[in-house]
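Colleague: I am new to reading protein models, and I would like a close look at one single part. Could you walk me through it slowly?

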Amino acid sequence: MDNNEELKKFMLKKVADITEFPEGAYNLRVDGVGVKRQNSENVQIVPKEDKSGIDIFIKENSPKQVVYIPVLIMNGGINDLVYNDFHIGQNSEVVIVAGCGIHNHTEHNSEHNGIHTFYVGKNAKVTYVEKHYGHGENIGKKVLNPVTTVYLDENATMNMDSTQMEGVDYAIRTTKGQLKAGATFVVNEKILTQNNQFANSIFNVELIGKQASTKIVSRAVAKDESKQEFHSNVSGNCECFGHIECDAILTDKANIIAVPQISALSADARLIHEATIGKIAGAQLEKLLTLGLSEKEAEDFIIKGFLS
Amino acid sequence: MLRIEHLSYEVNNENILNDINFEFKKGKFYVITGHNGAGKSSLAKCLMGLNKSKGKIYLDDVDIAEMAVDERAKLGMGFAFQQPATFKGIRVVDLLKINKKPLKEYEQILNKVGLSAKEYLFREVNNTLSGGELKRLELATVLNRDLKVGIFDEPEAGIDLWSFGNLSQVFNEFKSSERTTIVISHQERVMNLADEIILMKDGQILKSGKKEDILPLLNI
């Protein structure tokens, strides 16, 4: 495929599950430049004046808003750094579909560093969907280093679904959170690495308000000679609840290091961590073989389900 | 139908099965019984290819001894495990869909094993299911296939509140469609369903025959 509209549609479908922009607010960034933008009655997207990026304002009390802000990089040799700040008004409800796809068919590396900060007002509900995808056959690497910082005001909720699909050669993924009383932050992360790819996932969540809670679930599959790291720290200084779960499947010569850390700074903090890493269970493979799948089909079936 | 000749199986130079010869006939119900360590599950797994054995195994006169598990499955062999596997992220419907049938048929299969499709079809096959539920689901995945031979390793163990009567009905239906049924079991009530019982001891078939001929030998 060439660098054309069809390829862009293909990439958009991969990272945001759309081929055309639906009604409502959106911002499309291609090769480091904002190329399409639309506001809606309750959502204003304003370009930053002092640096590259946008401010997204969701009005207070807005019901069920949807905002698309995908990023595409369609060439090699691009180093894109963007600052996007989300200001979610209190009592509003919004789904934000982000995601970045890099198509690099050259010898030069391409890189996207999306620095996203969420300021979520009282009682607001945010669903944040982020997919990362790399495409293109050549030695130019596809690099994605997202940094997501989340400030949740009292009783605010944020559900973050973060997926790194195939094709990303190198990623440092950083997620930070600070939760006030009654706030909830749920993260479901899925990462697939293959060949010589590397991904490092870092979480640091502070529970600073009474009955704040977080659940971070990371499912990772490392194939071939790829490497992954998972570092997480949930700290609580009051009556709060935190749960970190890292589940990983290894195949071939891949390796994964998981370091889940919990820091209880109060006797009332209830924090849990779990980490499981291993190859595909023999019993799972045997069951699928008896249903007529080949070993390769069975492995793919298990991995697809695990990351679904 | 399914014929084994001089079948042997060893682990770390220790004979687990030793020169077994037998023919399972089409549409018949067989129970393989014997004390723990007699070689029952090992034999069942050798038939399915899950254990690598020596000797010949013929399915409808085709030698399948060198075939992989999935190749045997494609020829119409099925296996229900004693301890069903669990899968993260994989739903009941995903497992059943491997055999590409209309959704309606999956519902019927689940009903047969006493699981309501509405409640179970889209549930994950993980540890949130009880041992009994997993066991019945394991049966469903086998019944869902168009089989010539179904091998069931202790299917009655742990089927919780679902009655043994339901299990008998499932097996009677399975058998009535001319499929060969091979069940590993210690239970006399399972033996009551059998056309022939195979008693194993020390990796060999000690005797095969009717229940009344075999039961007195079980304490040997």
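**A helix at the contact**

Modeller: Gladly! In helix α2 of chain A, residues 282-290, the buried residues are Gln284(A), Lys287(A), Leu288(A), Leu289(A) and Thr290(A). Helices here are DSSP runs of H or I with at least four residues, while strands are runs of E with at least two, and both are numbered from the N terminus. Buried means that 20 or more other C-beta atoms lie within 10 Å of a residue's own; 12 or fewer makes it exposed, in between partly exposed, with C-beta atoms placed from the backbone.

Please keep in mind that this is a predicted model, where local features need pLDDT of at least 70 and side-chain atom pairs count only at pLDDT 80 or more, whereas totals for chains, interfaces and linings use all residues. Residues are numbered from 1 along each chain as its sequence is written, and chains are lettered from A and ligands numbered from 1 in the order in which they are written.

What covers the buried residues of α2(A)? The cover includes α3 (295-306) of chain A, along with α1 (40-48), α2 (69-74) and β6 (77-80) of chain B. Just after α2(A) comes Gly292(A), with a positive phi of about 100°.

Now to the contact between the chains: 17 residues of chain A and 18 residues of chain B take part. On the side of chain A that touches chain B, α2 and α3 of chain A each supply at least two residues, and α2(A) gives the largest share, six residues. For the whole chain, 43% of the 308 residues of chain A count as buried, and chain A has three helices and 22 strands.

Notes: Contact = placed C-beta atoms within 7 Å.
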